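This report considers a ligand site and the aromatic pairs of one structure.

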Amino acid sequence: MLNTSVKIVSLVGKGTKSVRGGIRHVNDGIGSIIEPIYQTSLFDYREPEQRPSLHGIVPLKYSREDNPTVHAVESKMAELEHGVDALGTSSGMAAITTLMMALLSRDSTVLMPPLDVYGSTLVLMERLGRFGVKTVITDPPGTNNVINSLRNGINVVFIESVSNPLLRVYDIPKIVRASREVGAVVVVDNTLATPMGITPISHGADFVIHSATKYLSGHNDVVAGFIIGSDDRIKGVWEWRRFLGTIMEPFTAFLVDRGLKTLHIRMRTHEENAKAVAEFLMDHPKVEKVYYPCLDSHETYEIAKKLLSNCGGIVSFEVKGGLREAMAVYKHVKMIIPSVSFGGTESIITHPASTTHAHWSPEDRARAGIKDNLLRLSVGLEDPPEDIINDLSQALSYA
Ligand SMILES: Cc1ncc(COP(=O)(O)O)c(C=O)c1O
């Protein structure tokens, strides 16, 4: 097969890998230094042996199976997450659905802390019950409860490295050790932490998934996802992506690759800004409690200290009083945008009880610790003292 790919093999730093990592398909005699957007649904297939095999499975022929622009960013993500290969998907949910199709069959059992995973992930697992998949739930959330719920017959353990909105850090090496004893596959959603915070595969996880809609692309302008595999089982996941048709679009791949080039810098600044905001909120008389993984008051601080190399850009906080006081803050921000999602350049404030967690019962929200006065702030890249903190300060005066 014709080799048209270029890969720099000796990259060490995470920043270098973000900028230069992965395979480029630019040996085309033209000299482009950036991966082109291969906006084509098919590839000339007169001589299949002349076509490269991007994932080592089939020669390149059809963009529902493989696409060079998508492959460029996939190979970069595999490097960043210490996996053997990665697959780009049309969304974070497409990544989870595709992986679950590959891993589960009738009577499979999945273990997850349901009050501590993204809501749609939980609903998906519940819906898979129609096909005979069982979900074991650990309640309340936390590493020890996951480990205590493990038993023979559990096939998959699904956790988030840092959960949302209360930012609990899960002890991945401990969960991996316990899962090995019962033969369960460990899947980690690494969306909040990003590979700048932790690389779950280097702690023994089998698969990592991402909503690349968030920090990886980083600019609130795409919906995308990734599945990263620790070994050859990723080839079976590739088959499912091909049948489900959940591959990432080439233009989206181009934007995600562009976003990844500044991931290390953005995450550093997100963290710096979030720390400044957390400190401001801790001292504020109208704030009841602040959640940030690297505050020593956080319930999983010791795990964060041990595992995280970046604490991320999300700060959650409870406003003194109740729903009325929290909504007063939410409604009065001026520069910060009241909405959903996180991980982009713009600061976004979310009221979980009425948006992301609105479909939960009040009892479930209470068990998860998500109170009506809780707000989640995705701290963006604006200047904290002049703008983010000033805006919060004026909004808090309405509480
Ligand atoms: C932790 C986490 N995982 C997965 C998803 C799903 O990603 P997407 O919206 O890209 O489908 C989200 C979305 O908010 C999320 O927060």
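How far from an oxygen atom of the ligand does a polar side-chain atom of Ser211 lie?

## Basis of the model

The model is predicted: local features need pLDDT of at least 70, side-chain atom pairs count only at pLDDT 80 or more, and totals for chains, interfaces and linings use all residues. Residues are numbered from 1 along each chain as its sequence is written, and side-chain values use heavy atoms, with hydrogens and water left out.

The distance for Ser211 is 2.8 Å, from a polar side-chain atom to an oxygen atom of the ligand. For Thr213, an N or O atom of the side chain is 2.6 Å from a ligand oxygen atom, and a polar side-chain atom of Lys214 lies 2.9 Å from an oxygen atom of the ligand. The protein buries 90% of the 390 Å² that the ligand exposes when taken alone (Shrake-Rupley method, 1.4 Å probe).

## Surrounding residues

The residues around the ligand (a heavy atom within 4 Å) include Ser91, Gly92, Met93, Tyr118, Glu160, Asp189 and Phe342. By class, this shell has four nonpolar, five polar and three charged residues; Gly counts as polar in this scheme.

## Aromatic pairs

Two aromatic pairs are found in the whole structure (ring centres within 6.5 Å; planes under 30 degrees apart are stacked, over 60 edge-to-face, the rest tilted). One of them, Tyr215 with Phe342, is tilted, at 6.2 Å centre to centre and 55° between the planes. Tyr215 lies in the loop between strand 8 (207-211) and strand 9 (225-229), and Phe342 in the loop between strand 12 (337-338) and strand 13 (348-350), so the pair ties together parts 127 residues apart in sequence (strands are DSSP runs of E, at least two residues, numbered from the N terminus).

Note on methods. A polar contact is a pair of N or O atoms within 3.5 Å; within protein, one must be able to donate a hydrogen and the other to accept it, and residues adjacent in sequence count only if both atoms are side-chain atoms. Rings of Phe, Tyr and Trp (its six-membered ring) pair if their centres lie within 6.5 Å; planes under 30 degrees apart count as stacked, over 60 as edge-to-face and the rest as tilted. Helices (H or I, at least four residues) and strands (E, at least two) are DSSP runs, numbered from the N terminus.
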